[in-house]
Amino acid sequence: MAGELEAGRPTWSRQIEFTLAGIGCAVGLGNIWRFPYLCYRSGGGAFLVPYLLMLVLLGIPLLYMELTVGQYLRKGPVHAMTKVCPLLKGVGMATVAISFIMCTYYNVIITWALYYLFSSFQSQLPWQSCNNTWNRPNCTDYATTSSSTSTASQQFFNYKMLERTSGVEETGSMRWELFLLLLLSWFLVYLCIFKGVKSTGKVVYFTALFPYVILVALLINNVQLPGATAGIQFFIIPEWEKLLSVEVWVNAAAQIFNSIGIGFGSLMAMASYNSFNNNVLKDTLAIAITNSVTSILAGFVIFSAFGYMSYLQNIPVSEIAVDGPGLVFVVYPQAFVTMPVAPMWAVFFFFMLLCLGLDSQFAMVEVMVTSLMDSYSKPLLKYLRQKELLVLVVCSAAFLLGIPHVMQVGIYVFQLMDHYTAIVSIMFLAFFEVVAICWFYGVRRLSSNLEEMTGKRPNIFFRVCWMLICPLLVTIILVFSVIQFKPARYENYVYSAWAQGIGWVIAMASIIWIPLAALHTLWVLPGSFIEKLRKSVRPFALDEAELSPYYLQKRGVLEVTSNLAVISSIVPLPEKPPIQTNL
């Protein structure tokens, strides 16, 4: 097996803990607010055709690939990609960068959920009427088709919770309530992961499973409301002509991609703690299928409520459905107002958002912690003594970087970062990851790794997907993402040129590691440029180079023993047995 024998790496105490952690990582807030909106905009039930097809052809094979690499190499994304393809080792660094950038602002959504959760513990929900100090003259109790009015729910979100400014040019002051809730949310994340897989494995029993209890309860309640049937019909009745649009197919592929979390490094990092002989395919199917079933279930919950609101307010469902945070913090809370026992349903819903956000959040933080421990465990533990302190340092740094989001300008900062991180960066990362693993590491080598771990080679379907279909589909998505790219905006506010420039700097903060690391690889490898290039795309080439006198001299080592053994990548390295701990 590739790599040195690593006796200290823990594994999950029960394999079900990894499966639940993987489900928790994949199933997040995007399942609640992104999928239903895409489905409605892309032909209702007809969207399920390209969505399920992309799940089979893209989502499941690529997830299978990532989990296999993580489990076999028993490393986080940085070291795993270094071994897979030294020239593209920057992909691993980029996944760590993008996960860290995302976790700084993703926790802000948990902060908002906490604010709404605590605001729901009163007999009358604060967004129920316009008779509040923060309401403006154009406030209405119900949604209308007029663009000059805004609902009580919209005004609670904008003027009570966010107290937002007019744009990114006006920073405003600190929202101290949100600041304290952001601190609380990071404290919750720290409690979930400070013991590594030991604590995470126990937390996911609740955070991964409890949202389904609430989703089912909400569905049972919502389908009994008047008008719910019309909303569900709007959600599922196909508009087959929409399937002729290329954009619908690209949206389906992108939703599968982003929802499962391909390219973020989280699942690869968590798979590195699996026992060596774990059945990877079983976990792959459990995570991918549960993720898609959750999206469809959330669609029924959301659109049954939209049908009810359409019935009450006598406006079309199409005027209600929106994308992003507005769906769960503006539109859906309106539905609670007229439900029986409204505060109870509000508390349940926002607690569900808290659980969905938390397990996705600590998966992203775990990528950074795992990568730091893989790369610098000795110096870090020398100064910090314990891994728990490293987790505290990472959480504290992310908390400090998240402070601009809880100022009055915060929603504009959030939208800018989300647009340039989740939309721009991730597709470039995914493309290079697929090229590195499927082509340079090779389908034959990946199949041999699986056979070594499980005793079975992947079937012809997965091999064809890895060799041809996945690289082709990812390339198409990347091209269309570039062609259809639109500058960031929030509602009617268009960001100025300097703000867009900052957005591109944020995007490049992750992408830049790919060319920089490629240059570093070519610099440290011995030989002429052509020889360096050939070696750089050969798996484990840097493992060989690290034992060569040339490499040691470049690292400043003056004395090199003459009998260094160069390990050939053809000779199998000692296998890492599953290291079980009393977790």
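## Helices, cysteines and a cavity in a predicted model

Leu473 has its place in helix α19 (residues 460-483), where helices (H or I, at least four residues) and strands (E, at least two) are DSSP runs numbered from the N terminus. This is a predicted model, in which local features need pLDDT of at least 70 and side-chain atom pairs count only at pLDDT 80 or more, while totals for chains, interfaces and linings use all residues. Residues are numbered from 1 along each chain as its sequence is written, and side-chain values use heavy atoms, with hydrogens and water left out.

Leu473 is buried, with a relative accessible area of 16%; buried means under 20% relative accessible area, exposed over 50% and partly exposed in between, with a 1.4 Å probe and protein chains only. The C-alpha atoms of Leu473 and Ala253 are separated by 8.0 Å, although these residues stand 220 residues apart along the chain.

Helix α18 (residues 410-454) has 45 residues, yet its end C-alpha atoms are only 48 Å apart, short of the 66 Å that a straight helix would reach, the expected span being 1.5 Å times one less than the number of residues. At Gly442, α18 bends by about 95°, a bend being the angle between axes fitted to the seven residues ending at a residue and the seven starting there.

The whole structure holds one disulfide, defined as a pair of cysteine sulfur atoms within 2.5 Å. Cys130 and Cys139 are joined by a disulfide with an S to S distance of 2.0 Å; their link is left-handed, with -75° about the S-S bond, and both Cys130 and Cys139 are buried. Cys470, by contrast, is in no disulfide, and the nearest cysteine sulfur, that of Cys465, is 5.1 Å away. The table gives relative accessibility for two cysteines.

| Residue | Relative accessibility |
|---|---|
| Cys39 | 0%, buried |
| Cys470 | 0%, buried |

There are two cavities of 30 Å³ or more, a cavity being a set of points on a 1 Å grid over the protein atoms alone where a 1.4 Å probe fits but cannot get out, with lining residues having an atom within 4 Å of a point. The second largest cavity holds about 30 Å³ of space, a volume being the space filled by probe spheres set on the points, which are joined across faces, edges and corners. Its lining includes Ile23, Val27, Tyr212 and Asp359, and the elements giving two or more residues to that lining are α1 (15-26) and α16 (342-384).

Technical notes
1 Å grid on protein atoms, 1.4 Å probe; cavity = no way out; pocket = protein on both sides within 12 Å on 5 of 7 lines; lining within 4 Å.
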